[in-house]
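Have the viewer open and follow along.

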Amino acid sequence: MRSMPRNDPLQYDELADQWWHPGGGFEMLHWLAEARAALIPPAGRAGAVLVDAGCGGGLMAPHVAGKGYRHIGVDLGRTGLRLAASHGVQPVNGDVTALPLASGTADVVAAGEILEHVTDLPGTVAELSRVLRPGGLVVIDTVNDNALSRFITITAGEWLGLAPPGIHDASLFVRPSRLIAEFARHGVRLTVRGARPTLGGVVRWRLRRRPTRGRIVPTGLTAVLYQGTGRKEGERS
């Protein structure tokens, strides 16, 4: 892959063959997608909409396929969107800081592995909240902002091959307290918990370079990776 600035979205086009490559560079993203989907309940009404912000190649699709949602995926990368569409996601080309969707569209908004990549966090949170229906659910996962998370995610993570080189910019990592405050400004009460990959899954993946039964599991520590859920104020209609 040619040299690019850190966090350049074009990297995802150059890495497009990794989205669904078994045991490839995005293997852990599959684990994260499964863990994110586990936080999404079955649809509570006919015609319910799930907006997958920063959907990439649509890795969450298999894990929500039976839950009764129309799965809309929004992403800047057209290559990833084509892959997402092939897995049943309705693709929408757009920026998460200006979602091309009407207000109150979504019963659920999922924002996984995207908040640590946006350069306008307040604008992104505002948009995620805007497209959410009253009473709707937001589900997130992202990377904390501290020395430990920077070391594990970038220094060790890139050296061990857990993340593609240059995919993260540590200056964009997000403290839970900041994210909770941003969502609260828009009537979404976010609660967070720590998460981590299973060690055995990581070891098997890196040694065998093939799909493993690795998972993301809850932990009491939010120091590196964390998940969050929150409901938007107001009665569900």
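Strand β1 (residues 49-53) is largely enclosed by the rest of the structure, because 5 of its 5 residues are buried. Buried here means under 20% relative accessible area, with exposed being over 50% and partly exposed in between (1.4 Å probe, protein chains only). Strands (E, at least two residues) and helices (H or I, at least four) are DSSP runs, numbered from the N terminus. Look at either face of β1 and you'll find cover: Val49, Val51 and Ala53 are buried on one side, Leu50 and Asp52 on the other.

A word on the source: this is a predicted model, where local features need pLDDT of at least 70, side-chain atom pairs count only at pLDDT 80 or more, and totals for chains, interfaces and linings use all residues. Residues are numbered from 1 along each chain as its sequence is written, and side-chain values use heavy atoms, leaving out hydrogens and water.

Who sits beside β1? Strands pair if DSSP finds at least two bridges between them. With strand β2 (residues 70-75), β1 pairs in the parallel sense over 5 bridges, and Val51 stands opposite Ile72 of β2. Strand β4 (residues 106-112) also runs parallel to β1, joined by 3 bridges; there, Asp52 has Ala110 as its bridge partner.

Now for the rings. Phe, Tyr and Trp rings (the six-membered one for Trp) pair if their centres lie within 6.5 Å; planes under 30 degrees apart count as stacked, over 60 as edge-to-face and the rest as tilted. The count by this rule is 2 aromatic pairs:

| Pair | Centre distance | Plane angle | Type |
|---|---|---|---|
| Trp19 and Phe26 | 4.6 Å | 50° | tilted |
| Trp31 and Trp205 | 5.9 Å | 70° | edge-to-face |

Trp31 is buried at 4% relative accessibility, and Trp205 is buried at 0%. Trp19 is buried too, at 7%, as is Phe26 at 3%.

Out in the loop between α6 and α7 (176-184) you'll find Ser171. Is Ser171 buried or exposed? Ser171 is exposed, with a relative accessible area of 58%. Its side chain makes a polar contact (N or O atoms within 3.5 Å, one able to donate a hydrogen and the other to accept it; sequence neighbours count only if both are side-chain atoms) with the side chain of Asp169, at 2.8 Å. Ser171 and Glu116 are 55 residues apart in sequence, yet 8.7 Å apart C-alpha to C-alpha.
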